Amino acid sequence: MDSLERQPRPAVRTFSQLYSSTRRGARLARLLATDQLRTWGVPPDVAERTEVVVAELAANALFHGRVQGRDFRVALTHDPVAGSVLAEVTDARGTHVPLRAPTPGAEDESGRGLLLVTTLADAWGHAPCPPAGKTVWAVLTPRPPRP
């Protein structure tokens, strides 16, 4: 009788950090997320898209979710078997939820952040984070190479 040896499944990796609701905090969030993705050895395609998504969501947390004296959180979860990353940004303002707005015009000075998230992520959305905040999340998975 043959016995199959079960290989242990690599553990899901997580990272979570609070940042000040400032431009410097948003920049630091992007830089530390980038460093963490490289440390984990996330495939370049997924890592590069995740970096942009984290930067956009951190900027949104700063400009649309900021509450004086409250920080925002960036959390990353990497599944090494699937090669996927879940990026989450939690801010203190649950009343300002992200909307899938129409494509901004050429003259518009803002409104492209969530368009980038929609393009780069395989799925994204938001959920309430009691008592008063929200979490905006995005899932990024490996994509087949272009021919």
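Asp-45 is partly exposed, with 32% of relative accessible area; here buried stands for under 20%, exposed for over 50% and partly exposed for what lies in between, using a 1.4 Å probe and protein chains only. Its partner in a salt bridge is Arg-49, with 3.1 Å between the closest N and O atoms. A salt bridge is counted when a side-chain nitrogen of Lys or Arg is within 4 Å of a carboxyl oxygen of Asp or Glu. Arg-49, at 7% relative accessibility, counts as buried. Asp-45 and Arg-49 are four residues apart in helix H2, so about one helical turn separates them. Helices (H or I, at least four residues) and strands (E, at least two) are DSSP runs, numbered from the N terminus.

The model is predicted, so local features need pLDDT of at least 70 and side-chain atom pairs count only at pLDDT 80 or more, while totals for chains, interfaces and linings use all residues. Residues are numbered from 1 along each chain as its sequence is written, and side-chain values use heavy atoms, with hydrogens and water left out.

The sheet comes next. Five strands form an open sheet in the order E1-E2-E3-E5-E4, with antiparallel pairing; two strands count as paired if DSSP finds at least two bridges between them. In general, strands of a sheet pair through backbone hydrogen bonds, either parallel or antiparallel. E1 and strand E4 (123-129) are the edge strands, each pairing on one side only. From one strand to the next, the twist averages 15°. Such angles run from 0 to 180 degrees between N-to-C directions, with axes taken as lines fitted to C-alpha atoms, for helices over the stretch in contact.

Thr-14 has Thr-77 in E2 as its bridge partner. E2 in turn pairs with E3 over seven bridges, again in the antiparallel sense, and His-78 stands opposite Val-85 of E3. These two strands make a hairpin with four residues between them, and Gly-83 in the turn has a positive phi of about 75°. E3 and E5 run antiparallel as well, joined by seven bridges, with Val-89 opposite Val-136 of E5. Six of the eight residues of E3 are buried, so this strand is largely enclosed by the rest of the structure.

The helices can now be placed against this sheet. H2 lies across E2, E3 and E5 and runs at about 10° to E3; contact means heavy atoms within 4.5 Å. H1 has 18 residues and reaches 26 Å from its first C-alpha to its last, close to the 26 Å expected at 1.5 Å a residue. The expected span is 1.5 Å times one less than the number of residues in the helix. Buried residues of H1 include Gly-25, Ala-29, Ala-33, Leu-37 and Trp-40, and E1, H2, E2 and E3 are among the elements that cover the buried residues of H1. After H1 comes Gly-41, whose phi is positive, near 75°.

The largest nonpolar core has 30 residues, and Phe-72 and Leu-76 have the most contacts inside it. Such a core is a set of buried Ala, Val, Leu, Ile, Met, Phe, Trp, Tyr and Cys residues joined through side-chain atoms within 4.5 Å. Elements that each supply at least two residues of this core include strand E1 (13-19), helix H1 (23-40), helix H2 (44-63), strand E2 (72-79), strand E3 (84-91), helix H3 (113-120) and strand E5 (133-140). H2 gives the most to this core, with eight residues.

Back to the charged pairs: the structure holds four salt bridges. Lys-134 and Asp-91 form one of them, with the closest N and O atoms 2.9 Å apart. Lys-134 lies in strand E5 and Asp-91 in strand E3, so this pair ties together parts that are 43 residues apart in sequence. Both Lys-134 and Asp-91 are buried. Another salt bridge joins the side chains of Arg-143 and Asp-122 (3.5 Å, N to O). Arg-143 is in the segment after E5 and Asp-122 in the loop between H3 and E4, 21 residues apart, and the pair links distant parts of the chain. Arg-143 is partly exposed at 34% relative accessibility, and Asp-122 is partly exposed with 37%. Asp-45, Arg-49, Asp-122 and Arg-143 are linked in a network of salt bridges.
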